[in-house]
Amino acid sequence: MASTLQKFIHSLDLRALPRVLQIQSGIYCQDSIYEMFGNEFSLSTEDVIKVIGFKINKLIASICENNEVSQFSAKVELPLNFPGLYKVVADKTPYVSIEEIARKVSIGPTRFGHPSFFSAKDIKLENFTIKHDEQITFNSVEEVHGIMAVSCVVVRNNQSHSFTLPLSQEGEFYECEDDQIYTLKEIAEWKIPKGRNRIVKLSTTLHMWDSSSPLPENFDGCLILIPVYEVQAVMKFRKDIIHILSDLDVEVKDVTDHYDISSFLQPLSLEDIFERTSKEFPMVAQIMEGPSGNQKPYNLLSTGKEIVIYKKYQAARVLASEMRSDSSKRHYLIPMSYKGKFKRRPREFPTAYDLEMVRNEKEHLHVVATKAFTSPHKELFSVSVGDQFLVQQCQTSEVLYEGGKKLRDVLACEQILCDSYKKVLLPMYMEGGFVEVVHDKKQYHLSEICKEFHLPFNVKVSVRDLSIEKDVLAAAPGLQFEEEITDSYLLISSASSPVESWEIPVYRLNMLVHLLSKDVQTVAPPVTRTTVEEISEEEYYMLRRYENLTLLPPPRPPKKPT
């Protein structure tokens, strides 16, 4: 049975991919030529395409009043990078089964993929009863004893209780209210259920309004978002990926069950390659869709090029940001193989507690106060702007408090006077401001800094890496090394001229390849070139957010006594 492409995509479950579609009718009859995203191709009636993926390309938005489209609102097109932070309004339409939730709602490994629902009635399990209106968090879809189920959690009295619900479980399930804020891109990727629209409320604008904005000035209301999908497909006799928008006027028919799906090329993402066993490497692949970007090696990975993929592995990187006062700071991932050298730059500390956190036994931390502080206790020191200190250690000290003696955490320091030192105690809760005085003139390699110092750490490149054609770090006025992370990489080289190899990130590079049945000429990879990867603002915050989920938070600084 034929349907419009838009209707088919809206009803399609991602887990059912790939699907083979036959063109029935529409604007692409009569051997029409079509160009989208730089790809020119023709579609005729009876042509077949293999759909391998789809994602939201843009959003059609209408101003919403009382959960309905305003009669005065025109539809506007919003790109996924449209500025602003948004709150998701809970959908009032119930889901009738766990299977419907799993089919329509994105459930995945990140915090975005953990939606919450509540049941209108109690659900009785073998040794557990889920109460009606109790928040159920969905974590993953998995097979349990041969039955597909959703792994769930409920929290009672600050204790988590884990259980599974089979997809066959029926009921009346409603979305819970979500107090988080998201970018439009995050909502498009994770928070718009298949076959449904999404209402969002503007929470924070990121940029000043201008006349080119499709939304009214000072708008702070709700929007109804309708997704338009970009469909990725493969055609026979082509070695690249075609892209079609789902709102195009074309009718299609699903013929997967009557077609040999293996007759199409099998596109693989870098994630697909990374999931293969180590024994399958090295392998030869041809690029079906290359990444965008001018820096090496991305500019070498063009469509049609053959590459050798030698191995997969985890590698350490240091996440660094430029030290700038404006918002245009750039972010980098620096490999441990970076051969340049760094000199230290002064660090800034907002509290005495921060001084204790970075204190190093190998050297005395020398700081200058940039903010005055008056101590409420005569036993503890009051700080003036310009006072200089050598930080010693954290200890406890007795202070008079409400007629009695109390123990307080303090930071023992030596105040630097003209020709002497004075021992003083600073309250750990002190909200001051300090700038480091750097006496160390040594030049450090990246690995030495990570080994000897506590991150974050401020530096400037003193000797650039001569093995890199253009060392972007050398031009930075200063860098802050924020944290050390571990990420997934593939080691690749050109198949035709394997004179050097490159590390490419698995999860930040949009690239599709298909494997070739060719033998690898040399199993040992050529010399690996060092690459400093510049990442976008969005990638930076995703990395920080993901890394921070795996770290225990630091202990809270002491509160100031009331």
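**Salt bridges and a domain interface**

Author: In this predicted model, Asp91 and Arg196 form a salt bridge whose closest N and O atoms are 2.8 Å apart.

Reader: How many residues apart in sequence are the parts that the pair of Asp91 and Arg196 ties together?

Author: Asp91 sits in the loop between β8 (85–88) and β9 (95–97), while Arg196 belongs to the loop between α3 (184–190) and β17 (198–204). Because the two partners lie in these separate loops, the pair ties together parts whose distance along the sequence is 105 residues.

Reader: Which residues are joined with Asp91 and Arg196 into one network of salt bridges?

Author: Glu100 and Lys104 meet through their side chains in a salt bridge of 3.1 Å, N to O, and both lie in helix α2 (residues 98–104), four residues apart, about one turn of the helix. Glu100 has 10% relative accessibility and therefore counts as buried. A further salt bridge, 2.5 Å from N to O, brings together the side chains of Arg156 and Glu134, with Arg156 in strand β14 (residues 147–156) and Glu134 in the loop between β12 (129–130) and β13 (136–144). Salt bridges that share partners join Asp91 and Arg196 into one network with Glu100 and Lys104.

Reader: What area is buried between domain 1 and domain 2?

Author: The domain assignment gives domain 1 as 1–79 + 207–265 and domain 2 as 80–206, and their contact takes 28 residues from domain 1 and 25 residues from domain 2. The size of an interface is often given as the accessible area lost when the parts come together. Carbon and sulfur atoms give 61% of the area buried between domain 1 and domain 2, which is about 2200 Å².

Reader: Which element gives the largest share of the side of domain 1 that touches domain 2?

Author: Between these two domains the count of salt bridges is zero, although seven residue pairs are in polar contact across the interface of domain 1 and domain 2. The elements that give two or more residues to the side of domain 1 that touches domain 2 are α1 (5–11), β5 (48–65), β7 (76–79) and β18 (222–235). The largest share of that side, seven residues, comes from β18.

Technical notes: Residues numbered from 1 in each chain as written. Predicted model: local features only at pLDDT ≥ 70, side-chain atom pairs only at ≥ 80, totals over all residues. Heavy atoms only, no water. Domains from an automatic or database assignment. Contact = heavy atoms within 4.5 Å. Buried area = accessible area lost by both parts, 1.4 Å probe. Salt bridge = Lys/Arg side-chain N within 4 Å of Asp/Glu carboxyl O. Polar contact = N/O pair within 3.5 Å; in protein donor to acceptor, adjacent residues only side chain to side chain. Buried < 20%, exposed > 50% of the residue type's maximum accessible area, 1.4 Å probe, protein only.
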